[in-house]
Amino acid sequence: MKKVLPTSIEITKASASKIGQVDFENLNFGKIFTDHMFICDYEDGVWQNPKIVPYGPLTLDPSARVFHYGQAVFEGMKAYKDDQDDIYLFRPDENFHRINKSSERLAMPAFPKDFFFDGLTALLELEKDWIKPGFGNSLYIRPFVIATEAGVQASEANQYRFMIICSPAAAYYSGDVNVLVAEKFSRSANGGTGYAKAAGNYAAQFYPTNLAKQDGYQQIIWTDASTHEYMEEAGTMNVFFRVNDTLLTAPTSDRILDGITRKSLLEIAKKEGISVEVRPVKVSEIIAAAKDGSLKEAFGAGTAAVISPIGGLGYQGTHYPIASQENSYATRLKNALMNIQYNKAEDPFEWRYKL
Ligand SMILES: *Cc1c(COP(=O)(O)O)cnc(C)c1O
């Protein structure tokens, strides 16, 4: 039986699908988008007129607030297809709550839950052929909100647009990355927007990351802004360290994004009997562990790559390689998480959401 959606969403279908022109064997992450997009506008104090239209450019006034004051937040989530062609999302409630938490911090209005889920469901129903079966294949889903009101007064807007666009993704193996531990730059500060998925947080990371790239590092490990003594995040991912057999990661705070991958990996690790410590992680203890060989692994965690292993750390002009590990926690945890996402394993935490 077809799900009856309580929200009436006006759907305008694309005249032809682009899917035949897509080389699914050679996808570059985030470059190709599906045939349709979901749009809902906020005006006169209400979200209204949810609709699905063919994917394409927007027309906005050049003075739209998003271009000047950066009121923009986003989410990243994925849809997965199992061998029976059933489609699953992973903990989508978490993304829904987080986009509203991000919006609140940027003085933007909360998006209603029924619009979020009905819009998402209707869009994925249209785009289901873009979700390819096979471990590692997925449809990357990008909900976002921008301030559309015209006028450059420096105050929050009264008009917004919520949208969802989708991009087919394959498993990506970037290889081990070398990361530079930040000694000067910061991505977030106490009382700031670090916990929000705000577009501006990303904008501010590119310049220091480019400087790190000139020194041969692909990413930066962000440390706390006031002392640079504690490890916080790796690039745009949460960061984990394995010292001997204990997995360490920082507690979330107003500086650290509350990643869904991070908290899911913590639950899986506990269930697998891995010793886990969620506590402030000192740069000095990780460097000491790298020197004496007890630093066995380090990795970033986030929806796009799931787990991204770190092959070495740069700190105060010295490079500390991390030897690759047999039976790594990274591989174990990544497989356990993906087996749940792709309906290849029991789902003891009830994280899967079947469409
Ligand atoms: C999105 C994001 C993450 C990862 O969050 P997930 O919910 O696991 O995808 C981690 N850190 C930052 C800064 C992020 O923007």
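This is a predicted model: local features need pLDDT of at least 70, side-chain atom pairs count only at pLDDT 80 or more; totals for chains, interfaces and linings use all residues.
The largest share is that of H4, which contributes six residues to the lining of the largest pocket. When the lining residues of the largest pocket are sorted by class, 17 are nonpolar, 16 are polar and six are charged.

The second largest pocket holds about 530 Å³ of space, and of the 33 residues that line it, Tyr-173, Ile-307, Pro-309, Thr-331 and Lys-334 are the closest to its centre. At least two residues of this lining come from each of S5, S16, S17 and helix H7 (329–341), with H7 giving the largest share, six residues. The lining of the second largest pocket comprises 18 nonpolar, 10 polar and five charged residues.

Nonpolar side chains tend to be buried together in soluble globular proteins. In this model, the largest nonpolar core has 39 residues, and Phe-38, Trp-47, Phe-116, Ile-141 and Phe-162 are those with the most contacts inside it. Two or more residues of this core are given by each of strand S2 (36–43), strand S3 (46–54), strand S5 (77–81), strand S6 (87–90), helix H2 (92–105), helix H3 (113–126), strand S7 (138–147) and strand S8 (160–169), and the largest share of the core, seven residues, belongs to H3. For Ile-141, when neighbours within four places in sequence are left aside, the residues in contact are Glu-75, Gly-76, Met-77, Lys-78, Ala-79, Leu-89, Leu-120, Leu-124, Ile-164, Ile-165 and Cys-166.

Helix H6, which spans residues 283–292, contains the buried residues Val-283, Ile-286, Ile-287, Ala-289 and Ala-290. These residues lie on the same side of H6, because the arc that they cover around the axis is only 160°. Lys-291 and Asp-292, by contrast, are exposed on the other side of H6. Just after this helix, Gly-293 adopts a positive phi of about 85°.

How values were computed:
Residues are numbered from 1 along each chain as its sequence is written. Side-chain values use heavy atoms; hydrogens and water are left out. A nonpolar core is a set of buried Ala, Val, Leu, Ile, Met, Phe, Trp, Tyr and Cys residues joined through side-chain atoms within 4.5 Å. Buried means under 20% relative accessible area, exposed over 50%, partly exposed in between (1.4 Å probe, protein chains only). Helices (H or I, at least four residues) and strands (E, at least two) are DSSP runs, numbered from the N terminus. Contact means heavy atoms within 4.5 Å. Ala, Val, Leu, Ile, Met, Phe, Trp, Tyr, Cys and Pro count as nonpolar, Asp, Glu, Lys and Arg as charged, and the others, Gly among them, as polar. On a 1 Å grid over the protein atoms alone, a cavity is a set of points where a 1.4 Å probe fits but cannot get out, and a pocket is an open set with protein on both sides within 12 Å along at least five of seven lines; lining residues have an atom within 4 Å of a point. Grid points are joined across faces, edges and corners, and a volume is the space filled by probe spheres set on the points. The arc is that of the directions from the helix axis to the C-beta atoms.
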